[in-house]
Amino acid sequence: MGKTIIEKILTSHSGQECQANDIVVATVDFVMGQDGTSPLAIRAYENMEGQELFNPDKVALVIDHSSPSPLEGVSALHTIMRNFAKQKGCRIYDIGEGVCHQLIPESGQVGPGSLVIGADSHTCTYGALNAFSTGVGSTDLAGGLVSGKMWFKVPETIKFVCNGVLPAGVYAKDLILYLMGQVTADGCTYMAAEYTGEAIQALSMEGRFTVANMAIEMGAKAGLMEADEKTFSWLRQFTEQEFTAVSADPDAQYHKVLTFDVSELEPQVAKPHRVDNVSPLSEVAGTPIQQAFIGTCTNGRLEDLRIAAAILAGKKVHPDVRLIVAPASRKVYLDAMNEGIIQRLVEAGAAVVTPGCGPCVGTHNGVPSDGETVISTANRNFKGRMGNSNAEIYLASPASVAASALTGVITDPRQFMK
Amino acid sequence: MKFQGKCHKFGNDVNTDYIISGKYKFKTLDMNELAKHVMEDLDPDFYSKVTAGDFIVAGNNFGCGSSREQAPLAIKHANIGAVLAKSFARIFYRNAINTGLPVLECDTDLIDAGDVLDIDLSQGVIINRTKDMKIAVKPLPQVMIKILHDGGLAPHFRKHGGFNFD
């Protein structure tokens, strides 16, 4: 019987011919933790009486969720991570380096066919590189650090076939928000998503990361894509390591195959307080906003900043709006500086903050006030997500956020693209 | 393991930000401190309403969102005996088993807020005392039973030196 991508990766990593619903123990190629999860993982590691890491070269800790530290308590947790990394000899990405889900792909250590666990739910992002990559909690992470292995129930797969061509002004973010609205927040629970079709193939790697990143918002264990020339040429910027593409067999068994045509898609938003509360942006156009945020592991990449800067160039952010920009990594920040993107954003009135997760997870760098409305390029709009449960969050593409920052109300970006 | 307690009821898609907000969880590893803020954005008085051994009862997709293990830990430290839901998000489910918080998949439409339940974990039986009714529980995978039986993943590793499901 044919296999899906995830069945093939779990077969190759467990040494056991497996299919959906089997339980396997698989070797992992890379293990990652961030500052919200690693301190507890280190505690669990000690509790397991772990001695050496299974392989320090395949482990990274990332300080990105509260970075630089806004509080004494957080500083103490960061110290635990720095000491552990020093003692065990693994890589630590410290403040200013960026968001884990940008840094790990940029490290070149993950590619087609890799199996990765990360103690962060958005670890599914590397599915864009044709890797099986999934979020785990701190104790599972500790198990991975000790043994280099993890147990998995092999998930069934839902295949998303996206046909057609995205219209101008409509982006990967609009596509994944639309899919979210269609399948809902538990539409892929316990399952993997495979995204395919000409609309996915046409996306840049940045756009593919955006789509894979939000697989978890549907409850999925992974959001996988096929590898093509774009995947390999993107990886060649960062590594000489050879990877082999993993494709699904033509007779692979899917839980469901969903087919969409994206040619008529409009800009989308997820409305408060649910990621699957999705509508065309036009339904809420004109809603006043007080804060706009461009960044995160969903949409803080060079292409995202470039799109936003093109809309903001030579204009000023609305006087009643605060625009916050957090590049996804130091590399993204530097590339954006070299292209003049940061200059254009700052001249328009943006506050550029240190690469990291802060505003999205409500730790610092932009907690909204009571009764305020935020439009953000992040992946979650739960009540309280940005640090205040009396604020409302709309999720949208970088173009829509930039356009809204100019007008002070939720705005279709296509009016700035004529 | 047997529990008796009363039920606190929530809806579908209770995410881990609602269980324990990011604004608290990044600051400390003190779970007793985090426990005071459990479910705060859904019910600001929740922590003070809980009597030790009470149950959280919810709909579909409980624990969706972030991978924070502080979510099951804070629930456990708020003295909740078990969480019952129609379905759980997968990372939360694994985290709960790994840290020893009992999680049971069952038809929670058969339970109302305030109902008193008897739960026998080893038998996988829930009795709704208030409604005088037995409620079926979806069994755990064998792997998870083994981990639970060893007392969580860390004791499992101490005992076996790694994953051992044979």
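In chain B, 63% of the contacts between residues at least 6 apart in sequence join residues at least 24 apart. Contact means heavy atoms within 4.5 Å. This is a predicted model, in which local features need pLDDT of at least 70, side-chain atom pairs count only at pLDDT 80 or more, and totals for chains, interfaces and linings use all residues. Residues are numbered from 1 along each chain as its sequence is written, chains are lettered from A and ligands numbered from 1 in the order in which they are written, and side-chain values use heavy atoms, without hydrogens and water.

**Chain B as a whole.** Chain B has eight helices and seven strands. These are DSSP runs, numbered from the N terminus: helices are H or I with at least four residues, strands are E with at least two. The radius of gyration of chain B is 15 Å, close to the 15 Å from the globule rule for 166 residues, so chain B is as compact as a globular protein of that length. The radius is taken over C-alpha atoms, and the rule is 2.2 Å times the number of residues to the power 0.38. Along the principal axes, the C-alpha atoms fill a box of roughly 45 × 40 × 25 Å. Buried residues make up 60% of the 166 residues in chain B. Buried means under 20% relative accessible area, exposed over 50%, and partly exposed in between (1.4 Å probe, protein chains only).

**Aromatic pairs.** The structure holds 16 aromatic pairs over all chains. Rings of Phe, Tyr and Trp (its six-membered ring) pair if their centres lie within 6.5 Å; planes under 30 degrees apart are stacked, over 60 edge-to-face, the rest tilted. Two edge-to-face pairs follow.

| Pair | Centre to centre | Angle between planes |
|---|---|---|
| W151(A) and F165(B) | 6.4 Å | 80° |
| F157(B) and F163(B) | 5.0 Å | 85° |

The pair of W151(A) and F165(B) crosses between chains. W151(A) sits in strand β7 (residues 149-153) of chain A, and F165(B) in the segment after α8 (153-160) of chain B. Both W151(A) and F165(B) are buried. F157(B) counts as buried at 3% relative accessibility, and F163(B) does at 15%. Ring pairs link W151(A), F157(B), F163(B) and F165(B) into a cluster.

**A buried serine in chain A.** S114(A) lies in the loop between α4 (100-106) and β5 (115-119) of chain A. S114(A) is buried, with a relative accessible area of 5%. Leaving aside neighbours within four places in sequence, S114(A) contacts residues including H13(A), D29(A), Q109(A) and F243(A).
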